[in-house]
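Subject: Structure for your files

Hello,

Here is the structure I promised to pass on. My notes follow below it.

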Amino acid sequence: MKTLSENETTTFTVLCVDDEVNILKAIKRVLHRQDFKLITAESGAQALEILKQETVQVIVSDMRMPNMSGAEFLQKSTDIVPDCYRILLTGYSDMSSTIDAVNKGDIDRYLQKPWDNNELITTVNDGLAKIKLKLENKRLNSLVNKQNTLLKDLNHNLDEKVKLRSKQIILAMRKLERNTHATQRVLYNFISINPHLDGGFAQSVSHLAGKIADQMSLPEKEHNQVTFASLLCEIGLLGLDTALYAKPFCELNYNQQDIFMHQTKFAEQILSPATHLRDELDIIACQFEYVDGTGPNKLCLEQIPLGAQILAVARDFWRYKLGRIGKTPLSNSEAINELKKYRGLRYAAKVLDILIKNSDIISGQFIAAAIQVNELRDGMRLKEDILTENHILVLPKGHVFSDASIRQLANYEKQKSQSFAIHVHPAETAPDATEVEEN
């Protein structure tokens, strides 16, 4: 059985069947200038053999033929080419048998003899158009099915990954629920250590969100919630395939963008055990909601926490600036201009206006990301304490690294199978060892 395939060539074939050679010649004269291949057969049996060898899209058959009538031939042809378009040429005296064939579904169209040439041309081309539409529908259905399968597999893989990646985080947080500061360090380290994420980006977003919160005179508790939530704004990416955030957002297809925007569900899975971080989680979970109500969960402005409104502005400023949304990095003013296009749509006007009017609150440069031990160099000064998972101090902030201390830290990591997110001061501002000892 031959079926329609989206992989067929654009050349279509029409088979004409009649026991009278003169009739076949007449049909050839009418159809020879059309944009398809035309082949003929002088009997139903010959035509059935041709169908086994050729890919035919339209059949035109006479009704009255010896040994096998046109209706019988067309009925048998359905076993070989079920998707073919069938046209029957019939005389007035054959109308009852023709109607019976139509009712059985063996033919799609009939023409009375003698036929009108223009009507014959139009009928054949209409049949080809329907076949082309079927092929296109098959192609699109196949594409949709493939995309749905890929999306289903991707979602399954993401669920498995987030379970694996969040297990360690959840276990760590259960030990740290009473120590918010330690919780912050552990969670942030999961982002900083991940080779596909950037702790420096998280710090820059947190710094800018804090400056905006200062301008809005938020109480200290809310200010701290905003800056901490901003520091963890990308924690949901730990559950996504790296392909979804390894290139600019504009280069993702619709399904990938939708998955990227729903990274917050993975953040909720990771952070939900830490009940003392409920307010911070609300901010992270709503960070991709648009204030005009068109975001992933269709929340209106009044339903989006103020912290999430602040985070959205700070986050996307740095995403634009670093080329994470568009294909190229932007200057401060260019990034702000991009945000202004969505004022009152994606971003709350009262929050964005603070950034527009107080652009000096933006830090002078991108905050340096955490580094790993193999990136340490003699003379670098530690910016933050290095703690184990049990909160044991390994090295205090202010420590100036030497070749010996770098080797010791590397050996410690190897022995304990633990990697640290290490924050150091820029080399040009690091004091020498003598100065630190005196302090």
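Aspartate 62 is buried, at a relative accessible area of 3%; buried means under 20% relative accessible area, exposed over 50% and partly exposed in between, with a 1.4 Å probe and protein chains only. The residue sits in strand E3 (residues 58-62). Helices (H or I, at least four residues) and strands (E, at least two) are DSSP runs, numbered from the N terminus. Leaving out neighbours within four places in sequence, aspartate 62 is in contact with Val17, Asp18, Asp19, Gly70, Leu88, Leu89 and Lys113, where contact means heavy atoms within 4.5 Å. The UniProt record, an unreviewed entry, places the feature "modified residue: 4-aspartylphosphate" at Asp62. UniProt positions are given in the numbering used here, feature names are shortened, and annotations may be inferred rather than shown by experiment.

Some points on how to read the values. This is a predicted model, in which local features need pLDDT of at least 70 and side-chain atom pairs count only at pLDDT 80 or more, while totals for chains, interfaces and linings use all residues. Residues are numbered from 1 along each chain as its sequence is written, and side-chain values use heavy atoms, with hydrogens and water left out.

The chain as a whole: the protein chain has 16 helices and seven strands. Of its 439 residues, 46% are buried. Among contacts between residues at least 6 apart in sequence, 66% join residues at least 24 apart.

Next, the sheet that contains E3. Five strands form an open sheet in the order E2-E1-E3-E4-E5, with parallel pairing; two strands pair if DSSP finds at least two bridges between them. Strand E2 (37-41) and strand E5 (109-112) are the edge strands, each pairing on one side only. On average, neighbouring strands of this sheet are turned by 20° against each other, direction ignored. Axes are lines fitted to C-alpha atoms, for helices over the stretch in contact, and angles run from 0 to 180 degrees between N-to-C directions.

Strand E1 (residues 13-17) pairs with E2 in the parallel sense over five bridges, and valine 17 stands opposite alanine 41 in E2. Helix H3 (residues 70-77) packs on the sheet and touches E1, E3 and strand E4 (85-90), with its direction at about 155° to that of E3. E3 and E4 also pair in the parallel sense over five bridges; valine 60 has isoleucine 87 in E4 as its bridge partner.

In E4, six of its six residues are buried. Tyr85, Ile87 and Leu89 point one way from the strand, and Arg86, Leu88 and Thr90 point the other way. In a regular strand the side chains alternate between the two faces of the sheet. Helix H4 (residues 95-104) lies across E4 and E5 and runs at about 165° to E5.

A cis peptide bond joins lysine 113 and proline 114, with omega about -5°. Proline 114 is in the loop between E5 and helix H5 (117-176).

Two residues other than glycine have a positive phi. Serine 217 has phi near 55° and lies in the loop between helix H7 (199-215) and helix H8 (220-231). Serine 217 counts as exposed, at 63% relative accessibility. Lysine 298 has phi near 55° and is in the loop between helix H11 (278-285) and helix H12 (306-321). Lysine 298 is exposed too, with a relative accessible area of 55%.

Threonine 264 has a relative accessible area of 8%. Not counting residues up to four places away in sequence, threonine 264 touches Ile284, Ala285, Gln287 and Phe288.

Glutamine 263 lies in the loop between helix H9 (254-261) and H10 and counts as buried at 2% relative accessibility. A polar atom of its side chain lies 3.1 Å from the backbone oxygen of phenylalanine 260.

Regards

Notes
A polar contact is a pair of N or O atoms within 3.5 Å; within protein, one must be able to donate a hydrogen and the other to accept it, and residues adjacent in sequence count only if both atoms are side-chain atoms.
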